[in-house]
Every structure is written in C-alpha cells, then in structure tokens.
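Reader: I would like to go through this model term by term. Please set each value against its definition.

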Amino acid sequence: MNTIIYELIVIGGGISSCTFVSNLLAKGFKGKIAIIETGRNLGGRCSSRISKKNSGWILNHGSPNFNIINNSNDLKLNNFLSELLEKNIIKKDNSLLIELDKNLNFSNNLTNEFCTGNIYSSTSFMGDLANQILNLNNKSKQVDLYFQELIINLAFQNNNWVLKSKEGSLFYSKFLVISSNLLLHKRSKKILNVDEIPLAKATKNNIKIDEIIHILKYQNYIERINFLIYTRKEYQLKEIIKKDNVIYYLDKNAQEKYGFERIVFQKQKNKRYGIVLHSIKENNLINELKKNNFEKDLLYRFNKLFEENPLINTLDNYEDISIMRWRASQPGGLRVPLRLQICKEYNIAFCGDWFNTQGFGRVEGAILSALNLSDQVIKII
Ligand SMILES: Cc1cc2nc3c(=O)[nH]c(=O)nc-3n(C[C@H](O)[C@H](O)[C@H](O)COP(=O)(O)OP(=O)(O)OC[C@H]3O[C@@H](n4cnc5c(N)ncnc54)[C@H](O)[C@@H]3O)c2cc1C
C-alpha cells in the first residue's frame with residue numbers, strides 16, 4: 001500500500017501537466033510530487049504509437065505538431081518556447097503543409113486552425129515531448145510517475161486529498177491539480193461508471209467549483225478516429241523531398257466529400273512513410289465504413305484523393321493498419337475562465353486546453369494554462 005503523502009499530485013500526464021510541474025520545479029518548488037496517468041506513457045493527446053507488432057515504427061496518432069499564435073505576445077509563453085528551442089526539445093516544423101479544397105486544388109495559403117502562426121514539432125517524436133518538458137527541470141527526481149492508474153474517486157479529508165484508482169490504489173496529497181476535465185464533466189459518469197461527477201461528490205457548496213462544473217455542462221467534445229497505415233517497403237513519394245513530413249489539410253467541403261480531415265505522411269527512421277488519416281466522427285466516414293468492407297473502402301477513398309496528385313502515390317496495399325479512437329480529442333462549446341483555475345478552500349487547481357486562453361482546444365492552450373497556473377501555485381504551496 002502506498003502511504004506517502006505527497007505535497008502535490010497532478011492527475012493526468014499530458015503536455016499541460018508536464019509543463020505545469022516542470023515550471024513549478026524551475027521556480028524552486030522542493031516538495032515531493034506525483035503524476036498519475038491512466039495511459040502507459042506521458043503525452044496524453046500528444047502521444048505516439050510505438051508498435052510492438054510493427055517494430056521500428058513510431059507514428060504520432062494524436063497531434064502531429066503544434067501551432068502557436070500568441071496574438072497577445074505573452075512573454076511567459078515566448079520564454080518557454082525559446083527555452084524548448086534552445087535545449088533542442090522542439091524545432092520549427094519543416095513539414096510540407098498543403099491545404100486542399102473539394103476539387104483537390106492546392107493552396108499554400110493555410111487557413112486551418114492548426115496551421116496559423118508558428119508551427120513547431122518535437123525533435124524526437126510527439127509522444128516524447130511531455131517527457132522531455134518534465135525532465136527539463138526534474139533534476140533531483142522529485143517526481144514519481146504512476147501509469148495505468150485511472151482515478152475514479154476523490155475525497156477531501158482533514159485537509160488532504162485521497163484519490164482512489166479503478167485499479168484499487170490509494171494516493172494521498174496536500175494539494176491536487178487536475179489536468180483533464182474528465183473528473184469534473186458529466187461524461188465521467190458513463191466513462192468511469194460512477195453515480196456522481198467525482199469532483200462534485202468530493203466538494204460541497206463551493207462557489208468556484210460549482211461554477212466550473214456548471215460551465216462544463218456546456219462544454220462538448222470532438223470525437224476523432226485516426227487510421228494508422230504501415231506502408232510496404234516499396235511505397236515512397238513520387239519525388240524525394242527534404243522534409244520530415246507532408247501534411248494535407250482538407251477544407252470543410254473537402255472533408256465532407258472525402259471523409260478525412262487531415263492526412264499526415266510521416267517519415268520514419270527507416271526512410272519509410274507511415275500514413276495517419278485523421279477523421280472527425282461527425283463527418284460520418286466511420287458509419288459509412290462500418291457498412292462496407294472497411295479496409296477496401298478506406299483505400300478507395302485515399303486513392304480517389306491522391307489519384308492525380310503530383311507528389312503522392314496511390315496505395316494498392318500496406319503492411320498493416322491500426323485504429324486510434326479519440327473519444328474526446330478536442331473541447332468545444334463553453335470555455336472555463338482562467339479566474340477559476342485555483343480553489344484555495346480545497347487546495348485544488350486545474351489546467352489544460354479546456355480553459356479560455358488563446359489556444360483553447362490546442363497545445364498552445366494547454367501550455368498557456370499550465371504556465372499561468374504554476375506562477376500562481378508557487379505562491380501558495
Ligand atoms: C487527433 C488529434 C489531433 C490534434 N491535432 C492538434 C494540432 O494539430 N495542433 C494542436 O495544437 N493541438 C492538436 N490537438 C489537441 C492537443 O493534442 C491537445 O490540445 C493537448 O494535447 C491537450 O493537452 P492537455 O495536457 O491539456 O490534455 P491531455 O493531453 O488530454 O492530458 C490529460 C491526461 O490526463 C489523463 N487522465 C484523464 N483523466 C484521468 C484520470 N481520471 N486518471 C488518470 N489519468 C487521467 C489522460 O489519459 C491524459 O493523458 C489534437 C488532438 C488530437 C486527439
């Protein structure tokens with residue numbers, strides 16, 4: 001049984017959590033910290049599939065890169081990015097980015113929400129970014145990492161938080177940060193199989209927490225399904241190009257016609273190309289695919305899209321295909337104001353892309369909310 005009482009526990013190990021913890025450590029926080037994550041690794045929605053079956057392949061099955069708009073020229077964000085660039089954790093993304101309309105006309109004038117501003121990617125692979133951000137400041141190994149622990153129950157007892165995971169573990173902490181809104185959102189009841197939203201159950205009549213939970217009633221989610229194609233050895237682009245990746249963004253009309261949202265050709269160390277087909281569930285591709293022979297239909301659609309493309313070869317076959325289902329890939333609807341990030345009465349705080357920042361629903365928002373939070377939390381714990 002784990003009986004350590006941590007100074008701080010963070011639930012979730014995505015970019016916001018790791019940025020928050022890293023920045024807190026950089027500011028001199030000396031206490032013992034735990035990050036508890038239900039997945040097998042850090043990264044969350046910026047994770048990559050390292051396939052055992054297809055050894056040697058690493059495919060970014062969430063966010064393939066990230067864009068920073070920073071219209072308000074936030075100094076904290078600028079400094080943070082400069083440090084990541086300096087330490088060679090991120091680089092300016094050199095992918096070839098192309099937007100397509102429904103007649104498959106090309107445009108280099110990018111309007112997609114994911115490619116305005118400056119675009120960055122991890123220097124290794126996206127799934128390693130959160131880990132690298134954390135390690136930047138975790139020099140004295142203050143952070144314990146727990147994986148495959150899904151927190152389903154929270155209680156605030158004698159000024160300490162007691163967390164219980166579905167797997168049966170108990171964790172204790174003086175201060176709690178929640179980096180995903182699952183434990184505050186009504187979808188938790190179905191996903192975690194609980195009768196009350198866990199944070200609502202743990203806190204009664206708190207004006208701030210009640211307001212967040214109320215706002216979240218009106219926050220919804222985009223569901224995405226991504227198909228990961230492991231191509232055969234002979235599959236290459238029509239031309240040799242000096243770019244890591246090639247990404248096609250389909251505009252709204254093209255998405256409706258072809259079913260895909262974005263197609264990422266990701267060059268592997270072995271010089272082969274992995275192809276990640278992003279699709280938004282409401283575009284109905286998935287329902288259509290269910291009716292048909294899914295793999296054959298998927299190839300048909302892919303080939304229709306690229307049959308006359310000067311760079312991309314059509315696909316007759318592939319080595320393997322796998323699917324990644326993102327139940328909550330990106331928040332939409334109402335945004336939670338930053339003024340609600342901390343609730344001192346309950347020693348609890350929140351971060352993530354679900355807050356109302358410039359980068360709502362994107363990596364930029366996850367980072368901004370985390371930088372903002374660490375600046376405040378260091379003053380009170
Ligand atoms: C397919 C896809 C494409 C995307 N494309 C882009 C893009 O091009 N550009 C861009 O900027 N953004 C993109 N995004 C969005 C971007 O990935 C997210 O905004 C960002 O990663 C959010 O980080 P976060 O730390 O706020 O949340 P998350 O990454 O979701 O981290 C939260 C973590 O908490 C864990 N967790 C949740 N509840 C519990 C619990 N009860 N117990 C234990 N662990 C828990 C989750 O497993 C998760 O790892 C994309 C997302 C997806 C899915």
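**Sheets, domains and ligand shell**

Author: Seven strands make an open sheet with mixed pairing, in the order β8-β7-β15-β16-β17-β14-β18. This is a predicted model: local features need pLDDT of at least 70, side-chain atom pairs count only at pLDDT 80 or more, and totals for chains, interfaces and linings use all residues. Residues are numbered from 1 along each chain as its sequence is written.

Reader: What makes β8 and β18 edge strands?

Author: β8 (106–107) and β18 each pair on one side only. Two strands pair if DSSP finds at least two bridges between them.

Reader: How do you know that β15 and β16 pair?

Author: Five bridges join β15 (residues 245–250) to β16 (residues 262–267). The cut-off is at least two bridges, so they count as a pair. The two strands run antiparallel. Tyr249 stands opposite Arg262 in β16.

Reader: Which strands form the three-strand sheet, and in what order?

Author: The order is β5-β9-β6, an open sheet with antiparallel pairing. β5 and β6 (90–92) are at the edges with a single partner strand each, so one side of each has no neighbour in the sheet. On average, neighbouring strands here are turned by 40° against each other, direction ignored. Axes are lines fitted to C-alpha atoms (for helices over the stretch in contact), and angles run from 0 to 180 degrees between N-to-C directions.

Reader: What joins β9 to its partners, and how many bridges are there?

Author: β6 and β9 (residues 118–122) pair antiparallel over three bridges. Three bridges also join β5 to β9, again antiparallel.

Reader: Why does the radius of gyration agree with a compact globule?

Author: With 381 residues, a compact globule would have a radius near 21 Å; the chain has 21 Å, so the two agree. The radius is taken over C-alpha atoms, and the rule is 2.2 Å times the number of residues to the power 0.38. Along its principal axes the C-alpha trace spans about 65 × 45 × 40 Å.

Reader: Which domains divide the chain, and where do the bounds come from?

Author: Domain 1 is 5–82 + 127–221 + 334–377, and domain 2 is 93–122 + 223–328. The bounds come from an automatic or database domain assignment. The C-alpha centres of the two domains lie 30 Å apart. Their contact takes 18 residues from domain 1 and 28 residues from domain 2. Contact is C-beta atoms, placed from the backbone, within 7 Å. On the domain 1 side, β4 (58–60) and β5 each supply at least two residues. β5 gives the most, with three residues.

Reader: Why is the ligand said to lie between the domains?

Author: Domain 1 and domain 2 both give residues to the shell around the ligand, so the ligand lies between them. Of the 38 residues around the ligand, Gly12, Gly14, Ser16, Gly44 and Arg362 come nearest. A residue is near if its C-beta atom, placed from the backbone, lies within 6 Å. Among the elements supplying at least two shell residues are α1 (15–26), β14 (219–230) and α10 (363–377).

Notes:
Helices (H or I, at least four residues) and strands (E, at least two) are DSSP runs, numbered from the N terminus. Two residues are in contact if their C-beta atoms, placed from the backbone, lie within 7 Å.
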